[in-house]
Amino acid sequence: MPATARDGVKLWYDVEPGPRPVLLLHGFASDSEQTWERTGWLRAVADRGHVVTDLRGHGHSDRAKTGYSPDDLARDVLAVLDAAEVPVVDVVTYSMGGVVGWALARLARERVRALALGGIGGGPVERESMLRVQQALSGEDLGPCVEGMAGQRLSGRPPAPVLLATGDEDDIAGDARSFAATLNAPHVSLGRRNHFNAVSSRAFKTAALEFFDG
């Protein structure tokens with residue numbers, strides 16, 4: 001089903017009601033099916049409820065030419081939460097989705113209980129890394145998203161309680177452990193996983209859900 005962003009862009013989302021819903025935000029050049037359904041995440045949160053959405057330019061959502069800054073994408077997510085009638089969520093993200101989740105918590109702190117950020121560290125989103133991910137995962141031209149997100153990062157103090165999780169062989173988010181230390185936030189190693197397969201880690205699911213319950 002679609003939600004409508006402020007500029008009229010149609011945003012695909014799916015909602016499953018539950019007692020403590022989890023919002024899941026995918027990364028660049030991916031979508032909710034690849035990131036959350038195929039990896040077992042929707043089964044992992046089945047007893048909590050969930051909201052998933054394809055960010056603009058991805059999956060089943062419209063291919064808009066503008067609106068790809070972190071705040072723009074976070075406002076899209078707020079439109080989805082409003083359409084789904086879900087007032088408060090725990091948030092799980094992967095890769096670029098972490099920048100969106102961070103911005104969401106800054107814009108609407110009362111809507112976010114906690115953040116579990118996978119596959120992201122404290123450095124800026126690198127254009128070269130985005131192009132490499134695009135080639136590996138999609139092949140589709142996602143230039144407007146590259147322009148909107150390149151150079152963005154997790155800035156300032158955490159806007160909500162936060163956990164970071166990365167694979168030991170993730171060369172895109174290699175500074176995650178040290179970055180978590182600067183935030184006084186927990187970091188979870190996902191073992192010998194890289195940027196492209198860490199999202200499916202059972203350790204990530206377990207750590208995130210235990211963090212939310214803590």
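One term before we start: buried means under 20% relative accessible area, exposed means over 50%, and partly exposed lies in between, with a 1.4 Å probe and protein chains only. Now the ground rules. This is a predicted model, where local features need pLDDT of at least 70, side-chain atom pairs count only at pLDDT 80 or more, and totals for chains, interfaces and linings use all residues. Residues are numbered from 1 along each chain as its sequence is written, and side-chain values use heavy atoms, with hydrogens and water left out. Helices (H or I, at least four residues) and strands (E, at least two) are DSSP runs, numbered from the N terminus.

Start with helix α7, residues 176-183. Which of its residues are buried? A176, F179, A180 and L183. Down the axis of α7, these buried residues fall within an arc of 100°, so they line one face of the helix. That arc is taken from the directions from the helix axis to the C-beta atoms. Here is the background: an α-helix has 3.6 residues a turn, so residues three or four places apart point the same way. On the face of α7 turned away from the buried side sit the exposed residues R177, A181 and T182. What do the buried residues of α7 pack against? α4 (97-107), β7 (162-166) and β8 (187-189). Contact here means heavy atoms within 4.5 Å. Just after α7, N184 has a positive phi of about 55°.

Next, the strands. Two strands pair if DSSP finds at least two bridges between them. Strand β1 (residues 2-4) runs antiparallel to strand β2 (residues 10-16), with three bridges. A3 has L11 in β2 as its bridge partner. β1 and β2 make a hairpin with five residues between them, and G8 in the turn shows a positive phi of about 90°. β2 also pairs with strand β4 (residues 50-53), antiparallel, through four bridges. There, V15 is opposite V51 in β4.

Strand β5 (residues 89-94) pairs with β6 in the parallel sense, over five bridges. V92 faces A116 of β6 across that pairing. Six of the seven residues of β6 (residues 112-118) are buried, so this strand is largely enclosed by the rest of the structure.

Now V77, which belongs to helix α3. Buried or exposed? V77 is buried, at 1% relative accessibility. Beyond its neighbours within four places in sequence, V77 touches L23, L25, L55, V100 and L104. V77 and V112 lie 35 residues apart in sequence and 12 Å apart in space, C-alpha to C-alpha.

We work on a 1 Å grid over the protein atoms alone: a cavity is a set of points where a 1.4 Å probe fits but cannot get out; a pocket is an open set with protein on both sides within 12 Å along at least five of seven lines; lining residues have an atom within 4 Å of a point. Grid points are joined across faces, edges and corners, and a volume is the space filled by probe spheres set on the points.

The whole-structure search gives one cavity of 30 Å³ or more. L11, T53, D54, L55, R56, D76, V77 and V80 line the largest cavity. Helix α3 (residues 70-84) gives the most to that lining, three residues.

The largest pocket holds about 570 Å³. Its lining has 30 residues, and S95, M96, G119, V133 and H195 are the closest to its centre. α5 gives the most to this lining, with four residues.
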